[in-house]
Amino acid sequence: MCPIKTNNDAVVIIGAGFGGLSAALTLSHQKDKPNIILIDPKEKFVFTPLLYELLSHEMMSWEIAPTYVSLTQDAGINFIQDSVISINTQDKIVQTKQGKVVSYSKLLISTGSKINDFDIPGVSEFASQFKSLNDVKNLGSFIDEINIRDSENKDLVIVGAGSSGVELACKVSDMTSGKINIILLESNDIIMNGSKFFNREIALKELKKRGVKVYLKTEVKEVKSDVVSAFSIQDLNSSHSLFKYKMLIWTAGVKPEIPEITPQVNTERGRIIVDQYLKLIGSESVLLLEMCLLYKANRYHNPHKLLLSKAIWLQRIFIYLF
Ligand SMILES: Cc1cc2nc3c(=O)[nH]c(=O)nc-3n(C[C@H](O)[C@H](O)[C@H](O)COP(=O)(O)OP(=O)(O)OC[C@H]3O[C@@H](n4cnc5c(N)ncnc54)[C@H](O)[C@@H]3O)c2cc1C
């Protein structure tokens with residue numbers, strides 16, 4: 001093991017996505033800024049809302065994915081490219097995959113999410129995602145195959161008709177001039193659940209215009225190397241439908257990605273329970289952001305209000321850490 005020499009006042013931030021990076025940059029602008037250590041296994045930050053433009057070559061990868069070194073060095077943030085495997089809240093240390101041990105006075109866990117396959121067989125093995133530069137590259141190759149080589153197998157199945165799945169279906173259809181068969185599977189009875197009625201209607205029209213086949217109330221049961229097996233929630237007695245695919249993209253959900261914490265903490269549905277200040281219950285120096293946390297609402301506090309905007313939680317980081 002290789003302990004990293006840190007002052008006892010070091011603020012360690014695990015995960016440099018939107019949450020962790022914004023927190024690190026916000027702290028770095030304070031007058032008496034602490035020693036800030038930001039840890040993430042990736043070399044580059046990815047501005048996810050522009051991944052679609054990267055796919056269609058309207059933007060270049062250097063425009064949407066700057067290196068962490070370029071983002072942090074002038075701000076005086078110590079960036080460690082590594083993955084945290086465990087946190088010890090008693091000793092106030094985190095341990096990384098490469099064997100580093102980093103001590104902290106305050107810790108911010110902002111490790112985001114990973115694919116939620118709901119334990120459906122075959123999903124983690126065969127389904128792709130659309131969240132990294134590599135995912136864009138793989139989908140780009142599939143699109144090139146259709147456009148350039150006019151490949152015979154043109155079936156793209158997207159599971160999950162939330163905003164990501166819908167936008168992706170429209171983008172791929174446009175890029176292949178409708179040559180591709182796009183199937184969108186959704187377990188809900190509407191697309192883009194949570195969006196306004198007006199937006200859902202527009203999205204449905206756009207999907208229809210492009211010939212995207214949308215199957216609502218359809219739940220995936222199993223995925224094999226070239227076929228998705230799903231059943232209709234409406235008619236449980238009906239036999240499974242089989243959807244053949246050349247490429248399968250899973251946009252049906254994510255779950256928190258949390259390093260091991262000792263002593264063990266209380267969780268509910270995979271989420272760590274925090275107080276109204278986003279602090280880990282029982283540990284004054286650990287703060288959690290976004291996906292990892294679950295705030296148990298009581299009659300005095302409203303969890304949605306708590307997380308209403310970035311501004312609010314950044315303010316909370318500031319209030320808490322200083
Ligand atoms: C294609 C696409 C388009 C999107 N468009 C929008 C949009 O228009 N508007 C919007 O609001 N949201 C959008 N989102 C969602 C947005 O990207 C997420 O809400 C946001 O990334 C969440 O930020 P985060 O910091 O919580 O997690 P993440 O951005 O997922 O960051 C978590 C970071 O933690 C790191 N990490 C994980 N485990 C460890 C570990 N053990 N040790 C160290 N580091 C670790 C990961 O490498 C990652 O960099 C989009 C997402 C996608 C995929």
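Reader: In the hairpin of strand 5 and strand 6, which residue takes a positive phi?
Author: This model is predicted: local features need pLDDT of at least 70, side-chain atom pairs count only at pLDDT 80 or more, and totals for chains, interfaces and linings use all residues. Residues are numbered from 1 along each chain as its sequence is written. Strands (E, at least two residues) and helices (H or I, at least four) are DSSP runs, numbered from the N terminus. Four residues sit between the two strands of this hairpin, and the one with a positive phi, near 55°, is Lys92.

Reader: How many bridges join strand 5 to strand 6?
Author: Two strands pair if DSSP finds at least two bridges between them. Strand 5 covers residues 84–88 and strand 6 covers residues 93–96. Asn88 stands opposite Ile93 in strand 6. The two strands run antiparallel, and the number of bridges joining them is four.

Reader: What is the omega of the peptide bond from Thr262 to Pro263?
Author: Most peptide bonds are trans. Pro263 lies in the loop between strand 18 (260–262) and strand 19 (267–268). The bond from Thr262 to Pro263 is cis, with omega near -10°.

Reader: Is Phe118 buried or exposed?
Author: Most residues other than glycine have a negative phi. Phe118 has a positive phi of about 50° although it is not a glycine, and it sits in the loop between strand 9 (113–115) and helix 5 (123–126). A residue is buried if 20 or more other C-beta atoms lie within 10 Å of its own, exposed if 12 or fewer, and partly exposed in between, with C-beta atoms placed from the backbone. Phe118 has 12 C-beta neighbours inside 10 Å, so it counts as exposed.

Reader: How many C-beta neighbours inside 10 Å does Asp119 have?
Author: Asp119 is in the loop between strand 9 and helix 5. Asp119 is not a glycine, but its phi is positive, about 60°. Asp119 counts as exposed because its C-beta neighbours inside 10 Å number 7.

Reader: What share of the chain counts as buried?
Author: The chain has 10 helices and 22 strands. It holds 322 residues, and the share that counts as buried is 33%.

Reader: How far apart are the end C-alpha atoms of helix 6?
Author: The expected span of a helix is 1.5 Å times one less than its number of residues. Helix 6 has 17 residues (133–149), so it should span 24 Å. That agrees with the distance between its end C-alpha atoms, 23 Å.

Reader: Within what arc do the buried residues of helix 6 fall?
Author: The buried residues are Val136, Leu139, Phe142, Ile143 and Ile146. The arc is that of the directions from the helix axis to the C-beta atoms. Seen down the axis of helix 6, the buried residues line one face, because they fall within an arc of 130°.

Reader: Which strand is included in what covers the buried residues of helix 6?
Author: On the other side of helix 6, the exposed residues are Asn134, Lys137, Ser141, Ile148 and Arg149. The cover over the buried residues includes helix 2 (51–55) and helix 7 (163–175). It also includes strand 16 (247–250).

Reader: Which residues does Lys179 touch?
Author: Lys179 lies in the loop between helix 7 and strand 11 (181–185). With 13 C-beta neighbours inside 10 Å, it counts as partly exposed. Two residues are in contact if their C-beta atoms, placed from the backbone, lie within 7 Å. Not counting residues up to four places away in sequence, Lys179 touches Ile146 and Lys154.

Reader: What are the edge strands of the open sheet of five strands?
Author: The strand order is 4-3-2-8-21, with parallel pairing. Each edge strand pairs on one side only. They are strand 4 (78–81) and strand 21 (286–288).

Reader: Which residue in strand 8 is the bridge partner of Ile13?
Author: Strand 2 (residues 11–14) and strand 8 (residues 106–109) pair in the parallel sense over four bridges. In strand 8, the bridge partner of Ile13 is Leu108.

Reader: Which helix gives the most to the shell around the ligand?
Author: The ligand is surrounded by 27 residues, the closest being Gly15, Gly17, Gly19, Pro49 and Gly112. A residue is near a molecule if its C-beta atom, placed from the backbone, lies within 6 Å of it. Helix 1 (18–28) and strand 3 (36–40) each supply at least two residues of the shell. With three residues, the most is given by helix 1.
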